[in-house]
Amino acid sequence: MSQERKPLVTNIFTADPSAHVFDGKIYIYPSHDIPHEGEDNDDGDEYRMEDYHILSMDSVDAPCVDNGEALHMKDIPWVSKQMWAPDVALKDGKYYLYFPARDKDGIFRIGVAVSDSPVGPFAPESDYIQGSYSIDPAVLKDDDGSYHIYYGGLWGGQLEMWQSGSFNPDEHRPEGDEKAIGPMYAVLNDDMKSFKTEPKHLEILDENGEPLKASDEARRYFEGPWMHKYNGKYYLSYSTGTTHYLVYAIGDRPEGPFTYAGRLMEPVLGWTTHHSIVEYNGKWYMFYHDCELSGGINHRRCVKFTEITYNEDGTIRTVFPYEK
Ligand code: FUB
């Protein structure tokens with residue numbers, strides 16, 4: 001498999017890959033990093049993305065193709081800047097692209113755009129999903145045909161700022177023994193453009209059934225949720241942000257609770273780490289990014305993939321990204 005752990009495209013910088021298999025082909029929905037000389041800071045101002053390009057591969061051995069611009073922020077009435085990590089869901093022949101961006105007040109919201117093709121172009125809704133906030137949407141289609149959305153990110157992703165139920169930029173950040181903030185979860189309506197259930201925080205528990213603490217930075221949620229099912233269990237995986245791990249927790253239902261189960265991948269080159277997991281021809285693959293293509297510049301990332309394997313007990317073997 002010649003492309004494994006190599007940059008999948010080199011014509012543009014790409015990050016935050018959400019991979020799916022549609023009609024036997026692999027489609028990757030990444031962010032599109034724009035090179036600039038601006039500052040890096042804890043608010044993520046360096047991530048100035050403006051559009052989405054969908055990537056595709058006929059198989060894991062085939063070349064990865066950039067299908068060109070699929071959606072640009074100039075065509076979305078409510079967006080002011082920062083089109084961050086997207087995901088897609090297929091329902092009844094239509095592809096729904098979910099994406100976070102800042103609205104005209106600088107608040108991150110989640111929008112939807114629709115296409116008849118997996119590579120777009122996508123037609124955006126005129127407003128964001130009502131009741132949505134923060135970043136990094138990921139959608140699971142469950143076996144019963146229901147669709148579940150997971151989202152949220154700390155710091156620049158503003159998740160802490162909504163603890164009271166309304167936006168407060170000065171909100172206290174949980175620390176020490178205080179309970180860590182979990183990702184958000186809701187069921188999508190049949191129209192795929194609105195929440196059917198009131199969004200709620202997911203519980204991630206430790207081995208004693210206690211919620212993870214804010215100080216537990218090697219395990220607590222930071223950003224970039226992904227949900228996949230394996231042997232009937234729900235695997236919530238995510239980035240720990242400040243400690244740069246990808247980790248996962250397992251539950252019996254899409255809404256959890258989830259119990260921390262281990263580390264998916266050790267840190268990559270660059271501050272952020274963000275991934276997706278997909279089954280293709282009976283094998284499981286993780287798509288992720290690092291900063292190899294730019295020699296380590298945080299906001300010039302490149303999408304890669306690697307195979308992952310499960311142990312008998314359902315745990316996943318940790319990936320060491322630069323070891324074979
Ligand atoms: O790409 C911008 C942000 O960086 C994403 O939303 C986060 O998950 C992190 O990868």
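Ser115 sits in strand 8, residues 108-115; strands here are DSSP runs of E with at least two residues, numbered from the N terminus. This is a predicted model, in which local features need pLDDT of at least 70, side-chain atom pairs count only at pLDDT 80 or more, and totals for chains, interfaces and linings use all residues. Residues are numbered from 1 along each chain as its sequence is written, and side-chain values use heavy atoms, with hydrogens and water left out.

**Ser115**

- Ser115 counts as buried because its relative accessibility is 5%, where buried means under 20% relative accessible area, with a 1.4 Å probe and protein chains only.
- A polar atom of the Ser115 side chain lies 3.0 Å from the backbone oxygen of Pro121.
- Beyond its neighbours within four places in sequence, Ser115 is in contact with Gly93, Lys94, Tyr95, Gly120, Pro121 and Phe122; contact means heavy atoms within 4.5 Å.

- An open sheet is formed by four strands in the order 10-11-12-13, with antiparallel pairing; two strands pair if DSSP finds at least two bridges between them.
- Strand 10 and strand 13 are the edge strands, each pairing on one side only.
- Strand 10 and strand 11 run antiparallel and are joined by four bridges, and Val139 has Ile149 in strand 11 as its bridge partner.
- Strand 11 (residues 147-151) also pairs with strand 12 in the antiparallel sense, over four bridges, and here Ile149 stands opposite Ala186.
- Strand 12 pairs with strand 13 (residues 200-201) over two bridges, again antiparallel, and Tyr185 has Lys200 as its bridge partner in strand 13.
- In a regular strand the side chains alternate between the two faces of the sheet.
- In strand 12 (residues 184-187), Met184 and Ala186 point one way, Tyr185 and Val187 point the other way, and all are buried.

**Pockets**

- The largest pocket holds about 600 Å³ of space. On a 1 Å grid over the protein atoms alone, a pocket is an open set of points with protein on both sides within 12 Å along at least five of seven lines, and lining residues have an atom within 4 Å of a point.
- A volume is the space filled by probe spheres set on the points, which are joined across faces, edges and corners.
- The lining of the largest pocket has 22 residues, and His20, Val21, Leu140, Lys141 and Val278 lie nearest its centre.
- At least two lining residues of the largest pocket come from each of strand 1 (13-22), strand 6 (87-91), strand 10 (138-141), strand 15 (223-230) and strand 19 (275-280).
- By class, this lining has 14 nonpolar, two polar and six charged residues. Ala, Val, Leu, Ile, Met, Phe, Trp, Tyr, Cys and Pro count as nonpolar, Asp, Glu, Lys and Arg as charged, and the others, Gly among them, as polar.
- The second largest pocket holds about 330 Å³ of space.
- Gly44, Tyr47, Glu223, Trp271 and Thr272 are the closest to the centre of the second largest pocket, out of 23 lining residues.
- The lining of the second largest pocket has eight nonpolar, seven polar and eight charged residues.

**Cavity**

- The structure has one cavity of 30 Å³ or more; a cavity is a set of grid points where a 1.4 Å probe fits but cannot get out.
- The largest cavity holds about 70 Å³ of space.
- Residues lining the largest cavity include Lys179, Ile181, Leu202, Glu203, Pro211, Arg220 and Tyr221.
- The lining of the largest cavity has seven nonpolar, one polar and three charged residues.

Methods:
Buried means under 20% relative accessible area, exposed over 50%, partly exposed in between (1.4 Å probe, protein chains only). A polar contact is a pair of N or O atoms within 3.5 Å; within protein, one must be able to donate a hydrogen and the other to accept it, and residues adjacent in sequence count only if both atoms are side-chain atoms.
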